[in-house]
Amino acid sequence: MKRLALEAAVFGRSTYLQYVALFQWANPQGYVAYKVLLPVTQILFFVELGVYATGPQNALYFALGNALQLTANAGIFGVIATVANERQYGTLPILLASPANRMVTFLSRAIVNVIDGIATVVVGLAIVVVLFGLNLQHANLLLLAICVVVISLTTAGLGLMFGSIGLVMRDAIIIANIVYYLLLIVCGINFPVSRLPGAVQVLSFALPLTRGVQAARDAAAGASLGQVSGLLAGELLVGLSWALAGYLLFRLLENWARRGGLQEAY
Amino acid sequence: MAAQPAIEARQLRKTYTTTRGIFRRERVERAALRGVDLKIAPGELFGLLGPNGAGKTTMVKIFTTLLLPSSGSALVLGLDAVKEQWALRKRIGFVFGGERGLYWRLSGIDNLRYFADLYRIPPDVSRRRISELLERLDLSGRERDRVELYSRGMKQRLHLARGLLNDPEVLFLDEPTIGLDPVGARELRVIVRELADAGKTVFLTTHYMFEADAICDRIAVIRDGAIVAEGTPSSIKTVVRDQGIVEFEVVGMPVERLAGLRRLPGVTSVAISEHELAQVVTVHCARPAEVMTQLGVILDGINLEKVSSREPTLEDAYVQLIGDSQ
Ligand SMILES: Nc1ncnc2c1ncn2[C@@H]1O[C@H](COP(=O)(O)OP(=O)(O)O)[C@@H](O)[C@H]1O
Ligand SMILES: [Mg+2]
């Protein structure tokens, strides 16, 4: 029990320090601008596009979807930035030569981005309420909040995979960009998944967001937890699988580094 | 030497394999360590001295569990650095040279707190130890400033504080004074010497022979992945025991006159270097006293100044040991 409390305390501080190391912006205005401008731009762009293509009655569909997809911004790019930071500062050898619990350390790299992801979606949803008149009177707000937390976790799970890839590939950010846009297309953000070709649907359901966004849309329309629990469980499972795959890749790379393969690590 | 060495290498070898070329991939092998044997006693301040590329960092990485040897074994505190890495990591500390390895946006104290967490040091212990280390390494007062505002010397002292957080029994320092100004380097050497005096085993690498001479109890000279000499600084000097040195200054002497000096029995080399208006002539020889008596005869009519003869220094030994590879 005492050991668990110690691990928790360590996890907490590690998270805080990661946050400071990553998000201590030169000026707070910069952070706010980034946190507000990015969502506004992305949401407006896809809503305009969607309305142009399908008609004004679907504006809310696009607005809500894009607001929720913003978690991927923190989850994927945030986690990659965390690892890139580690490489830039040369702190990786210190970590690798320490007796630190690898799982705790690995997961703590993403927790900041989960929190950041939640914050981003809250801003995104606020924008949708203000600009597009999203009516949340009948929404199951608590369930919607749970959905937002869940998709923030699962996109960060996918992000951990790219974090590991980022250890060996300087260009992981390019792949991450492609994946980010892939998520916009195949996860039911801008196109209903049911309209996608069957093969692509397989991909949709192997990626985070697809089930979580659906659950969030239902929650916004007033669904109960029981109605979406299957979706949320599936979403969590997908996110966990990606995180686990990322962790295994990390351990693999750690061993490879020890054999002298991963010069980048040092 | 005590029953169990603090650090031991047995026939330690490391060959790096890299691939070159994109279309016709070619494997390139590069031997960084070629069968190194070393034994370092507990409490010893041991210096591994060698030029760039000799294999120093490779050896430190193997001992600190970051790298696996190709063959041979590396033991620290009796633990195998290959197989018992988890037990070993708790008991050693290490500092790599250079500025990298700190979170620049965090304060010094936050860096230490974070690294202490990696070692799962209980909060009360870590709080006390961090404040002791800040005090000892002359960082207190600045610990809440961000690391990016630190001077080069402060960063290196913070590195050392980090390496001491888990109160390691053995400390590895890979070229710790690299890039420091002379004062900063000297301060660091004093601290390292104090750590060894307080009982820690220290394994230090350097390419400055004076650094090794100044603080190390024992030295090994590494060249091209192999140890070419080992012993106390004074015993290593015996490599060049029969190399006395005679030095003098002349002004505007024709170089041909030196030929006579070169022919003297026991003279191994005669070097000339320009020094402002004068030329400094350095004669390496077996018996300096004999050369001294012949100087006046061979260089008759030339005004010799600042004539001196001296015993060989560690630098001479180092240059001789390393020289052939350069
Ligand atoms: N990761 C690596 N891959 C290939 N060769 C390497 C690697 N690291 C070091 N070397 C080579 O091994 C030799 C020893 O390097 P190193 O241990 O860094 O020497 P030192 O620290 O004494 O300067 C050098 O020739 C270097 O080029
Ligand atoms: Mg080196």
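How many helices and strands are there in chain B? Chain B has eleven helices and 14 strands. The model is predicted, and ligand 1 in it lies between chains A and B.

**Chain B overall**

- Along the principal axes, the C-alpha atoms of chain B fill a box of roughly 80 × 50 × 50 Å.
- Chain B has 326 residues, and buried residues make up 52% of them.
- The accessible surface of chain B is about 15,100 Å², and carbon and sulfur atoms account for 50% of that surface.
- Among the contacts in chain B with a separation of 6 or more, 71% are between residues 24 or more positions apart.

**Surroundings of ligand 1**

- Ligand 1 is surrounded by 13 residues, of which B:R30, B:G53, B:K56, B:T57 and B:T58 are the closest.
- Sorted by class, this shell holds seven polar, four nonpolar and two charged residues.
- Three elements of chain B, namely β1 (7–20), β2 (26–40) and α1 (56–63), each supply at least two residues of the shell.
- The largest share comes from α1(B), with three residues.

**Nonpolar cores**

- In soluble globular proteins, nonpolar side chains tend to be buried together.
- The largest nonpolar core has 105 residues, and the members that touch the most others are B:M59, B:F63, B:L160, B:F172, B:F203 and B:V221.
- Leaving out residues up to four places away in sequence, B:L160 touches B:V95, B:L137, B:L171, B:L173, B:L188, B:I191 and B:L195.

**Helix α10 of chain A**

- Why is helix α10 (residues 210–220) of chain A described as largely enclosed by the rest of the structure? Nine of its eleven residues are buried, so the rest of the structure largely encloses this helix.
- The buried residues of α10(A) are A:T210, A:R211, A:G212, A:V213, A:A215, A:A216, A:R217, A:A219 and A:A220.
- These buried residues pack against five other helices of chain A: α3 (59–69), α7 (141–168), α8 (172–186), α9 (198–206) and α11 (225–258).
- After α10(A) comes A:G222, which has a positive phi near 100°.

**A loop residue of chain B**

- B:G252 sits in the loop between β11 (244–250) and α9 (258–262) of chain B.
- Is B:G252 buried or exposed? B:G252 counts as exposed because its relative accessibility is 64%, where exposed means over 50%.
- From B:G252 to B:A54 the separation is 198 residues in sequence, and the C-alpha atoms of the two are 40 Å apart in space.

Definitions and conventions: Residues numbered from 1 in each chain as written. Chains lettered and ligands numbered in written order. Predicted model: local features only at pLDDT ≥ 70, side-chain atom pairs only at ≥ 80, totals over all residues. Heavy atoms only, no water. Core = buried A, V, L, I, M, F, W, Y, C linked by side-chain atoms within 4.5 Å. Buried < 20%, exposed > 50% of the residue type's maximum accessible area, 1.4 Å probe, protein only. Contact = heavy atoms within 4.5 Å. Near = heavy atom within 4 Å. Helix = DSSP H or I, 4+ residues; strand = E, 2+ residues; numbered from the N terminus. Nonpolar A, V, L, I, M, F, W, Y, C, P; charged D, E, K, R; others polar. Areas by Shrake-Rupley, 256 points an atom, 1.4 Å probe, with all protein chains shown as cover.
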